Amino acid sequence: MDILIGLQWGDEGKGKIIDLICQNYDIVARFNGGANAGHTIYYKEKKVTLNLISSGIFFPETTNILGTGVALDPIILNEEILKLKSIDSKLKPEEKIIISEKAHLVLPTYKYFDQYYEESSHYPTIDTTKMGIAHTYSNKMLRSNPRVADIFSPDFKNDIEKTLFRQHNELSSFGKEIPEFKGMLEEYFKALDFLKKLNIQNTEFIINKAIKEGKKVLAEGAQATMLDIDYGTYPYVTSSSTIAAGACTGLGVSPRNINKIFGVTKAYCTRVGKGVFPTEINGEIADELREKGNEYGSNTNRPRRIGWLDIPALKYAIMINGITNIAITKMDILNGMDMIQVCTGYEIDGEIRDIASLDLQRVNSKPVFKDFNGWNKNFSDILDETSFPLELKQFIDFLESQLGVPVKYISTGPKREQVVICYDQQ
């Protein structure tokens, strides 16, 4: 099994890289996160954002799995399937999806708890997507959350109605505005009836059987390393394991079966919401990159914070994940700039550190930058590595020498075909 994960704070363009390589795989499986993810792909000249369904859905021979580690919102899954069918009636996503019966369900009240915690002065705000994901995982750890297989229990409907009624009353007692209970319940049960018609199985058996038979499996990660619940910039992180090791627990696969681990990074950095961001830039350059790169949240449309590429953080992410190949996206967004900066280290107590977890809230750190000459090239003319301008080649060579991992893919534009594959890399 191969794994593809993000190396920064998400929004690296993982969907595009998965879309590029998943035609080589028999199974593409989401292993973490929920509808707080947004993987954007161009399909038939249309921009499509996938929140739950794995990015192999556009390939007819690819099986798409929502694994045990996923927080599944049946309402959003239903909407996403209908959206895909409206784009192309031949896709038939409901026939190509297999859902883990052990995946945990997102209840319709959860997003309102998220909203309440974000809005209340009694709780610290971390700028979540307010999709109810944290509440799902917290109740999972409390061993009180329903799983997908539970929807077939004869007592489920009665039990879930009692749970939702209690939570609805609790939210109302907080003074939180929330939709009328009956309508919420009807919408949720309608989505659950749709969910029952889908292919729900013990997906760990399917994946391990496929691996044993020599089939190719790609584990698709949501969010990214710096948002990992344990190794990210806590507490401003997501609620699941976003690193490569999370693919093993999220899909039920032994680490012995892991082969390649692809890491995706932008040519610069972005971050949504609060939290440490040492290479952040503001002003005219940040505004220019934000507009050129369309740096607004896929789900929330929130403007992303902009920063220069962070080598120490990338080294940390590569170490944690065991990355074997790197994909760099949005290289075209830096095109036309006179000067590009890259953070090569952090000065902490008079010493330079060249690798960092970015858990820097407790220390006085200062990023150290290296300047690069920019490049100006019509990127539509770039077909392979030989078409790169000299300055871009120098930039890529520097990154490879610093990171110690080969760059396999370089995205030169937003469309599916705008990717250069570095063929000399394995």
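Helices (H or I, at least four residues) and strands (E, at least two) are taken here as DSSP runs, numbered from the N terminus. The model is a predicted one, so local features need pLDDT of at least 70 and side-chain atom pairs count only at pLDDT 80 or more, while totals for chains, interfaces and linings use all residues. Residues are numbered from 1 along each chain as its sequence is written, and side-chain values use heavy atoms, with hydrogens and water left out.

Helix H4 itself spans residues 133-141, and its buried residues (under 20% relative accessible area; exposed is over 50%, partly exposed in between; 1.4 Å probe, protein chains only) are Ile133, His135, Thr136, Tyr137 and Asn139. What do these buried residues of H4 pack against? Going by contact (heavy atoms within 4.5 Å), the partners are strand S6 (71-72), strand S8 (104-105) and H3.

Rings of Phe, Tyr and Trp (its six-membered ring) pair if their centres lie within 6.5 Å, with planes under 30 degrees apart called stacked, over 60 edge-to-face and the rest tilted. This rule gives ten aromatic pairs. One of them joins Phe113 and Tyr117, a tilted pair at 6.4 Å centre to centre with 35° between the planes. Both residues sit in helix H3 (residues 110-119), four residues apart, or about one turn of the helix. An α-helix has 3.6 residues a turn, so residues three or four places apart point the same way. Phe113 is buried at 2% relative accessible area, whereas Tyr117 is partly exposed at 27%. Together with Tyr116 and Phe174, Phe113 and Tyr117 form one aromatic cluster.

Charges over rings turn up too (NZ of Lys or CZ of Arg within 6 Å of the ring centre and within 35 degrees of the ring normal). Lys157 lies over the face of Phe189, 5.1 Å from the ring centre, and Lys370 does likewise over Phe372, at 5.5 Å.

On to the domains. The assignment, automatic or from a database, gives domain 1 (1-99 + 200-259), domain 2 (102-194) and domain 3 (264-419). The centres of domain 2 and domain 3, taken over C-alpha atoms, are 37 Å apart. Five residues of domain 2 are in contact with four residues of domain 3. The buried area (accessible area, 1.4 Å probe, that two parts lose on being put together, summed over both) is about 390 Å² between domain 2 and domain 3, with carbon and sulfur atoms giving 45%. In domain 2, Thr125, Asp127 and Thr129 lose the most area to domain 3, together 80% of what that side buries.
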